[in-house]
Amino acid sequence: MSTVVKAVSNSRKMKRLTTVDIVLIAILAIVNGVAMTYIAMLNQLLTAIGGPILTSITLGLYSISGVLAAYIIRKPGVAFFTLTLAGVVQIISGNPNGLVSLIAATTDGLGVEIGFALFRYKRWDWLSTAVAGLLAVPLWFIVASFWFGYYKWGITILLIAFVIRCVSGIILSGWLSKIVGDILAGTNILKGFNIHKQRKKEVNKDESHYSA
């Protein structure tokens, strides 16, 4: 019985945010929020040049901080909190889209959160990061379609733009986050995070298997 209680207690501790988790969330949100302010300006130029198709290419970058934070910290709520905070930073740093950027970041965060929740926060690989990056796209796309009048583009342009945004979400948000997270984990600077602890367990398990 005591073993079960201990296991439950450890599980709760694993899901609770630590001080270093919160510091990392804040750093990623600030970096991503400031960077997105400049990306938003770039997107205004891309929209003027190539319309909704061209500007859709960079869309995955908007949610990268949420996927990366969740991939490193590996706890529920991390993606949503990181992206919501990044939205606040975008407003403070002068994003030309103002309050819209916060709403977009919040919907992106909700989508990423759902993506990892589908795997019960237990699977951290190419598939789960791809799904998380992909699901950052649809909710905001629906909101923006009415808010900015995307539906006026016509069904063909609308579908092409949506597909490009989904691909951008998978590659620039999902897979790029995994690559960056793996590189950082390889340098041993993430020792206080779950990504390092889980990798250490896997290595120990492999060594025990080969030595048995």
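Tutor: Let us begin with a charge over a ring: a charge sits over a ring if NZ of Lys or CZ of Arg is within 6 Å of the ring centre and within 35 degrees of the ring normal. In this structure, Lys-178 lies over the face of Trp-126, at 4.5 Å from the ring centre. Likewise, the charged end of Arg-74 sits over the ring of Tyr-71, 4.7 Å from its centre.

Student: On what basis are such values given?

Tutor: This is a predicted model, in which local features need pLDDT of at least 70 and side-chain atom pairs count only at pLDDT 80 or more, while totals for chains, interfaces and linings use all residues. Residues are numbered from 1 along each chain as its sequence is written, and side-chain values use heavy atoms, with hydrogens and water left out.

Student: How is a pair of aromatic rings described?

Tutor: A pair of aromatic rings is described by the distance of the centres and the angle of the planes. Rings of Phe, Tyr and Trp (for Trp, its six-membered ring) pair if their centres lie within 6.5 Å; planes under 30 degrees apart count as stacked, over 60 as edge-to-face and the rest as tilted. The structure holds seven aromatic pairs. One of them is the tilted pair of Phe-141 and Tyr-150, with 5.8 Å centre to centre and 50° between the planes. Another, between Tyr-150 and Trp-153, is stacked, at 4.2 Å centre to centre and 20° between the planes.

Student: Which residues do ring pairs link into a cluster with Phe-141?

Tutor: Ring pairs join Phe-141 with Tyr-150, Trp-153 and Phe-162 in a cluster.

Student: Why does Tyr-150 count as buried, and how is Trp-153 classed?

Tutor: Buried means under 20% relative accessible area, exposed means over 50%, and partly exposed lies in between (1.4 Å probe, protein chains only). Tyr-150 counts as buried because its relative accessibility is 11%. Trp-153, at 27% relative accessibility, counts as partly exposed.

Student: Where does Thr-129 lie, and which residues does Thr-129 touch?

Tutor: Thr-129 lies in helix α6 (residues 126-135) and is buried, with a relative accessible area of 0%. Contact means heavy atoms within 4.5 Å. Leaving aside residues up to four places away in sequence, Thr-129 touches Tyr-71, Phe-116, Gly-174, Trp-175 and Lys-178.

Student: What other salt bridges deserve a look?

Tutor: Asp-182 forms one with Arg-199, the closest N and O atoms being 2.4 Å apart. This pair links distant parts of the chain, with Asp-182 in helix α8 (residues 155-186) and Arg-199 in helix α9 (residues 194-211), 17 residues apart. Salt bridges that share partners join Lys-178, Asp-182 and Arg-199 into one network. The side chains of Asp-125 and Arg-123 also meet in a salt bridge (2.5 Å, N to O).

Student: How may a record be set beside the model?

Tutor: UniProt positions are given in the numbering used here, feature names are shortened, and annotations may be inferred rather than shown by experiment. Under "transmembrane region", the unreviewed UniProt entry lists several spans, including residues 99-119 and 126-147. In the model, residues 99-119 are 90% helix and 0% strand, and their end C-alpha atoms lie 32 Å apart. Residues 126-147 are 91% helix and 0% strand, with the end C-alpha atoms 33 Å apart.

Key. Helix = DSSP H or I, 4+ residues; strand = E, 2+ residues; numbered from the N terminus. Salt bridge = Lys/Arg side-chain N within 4 Å of Asp/Glu carboxyl O.
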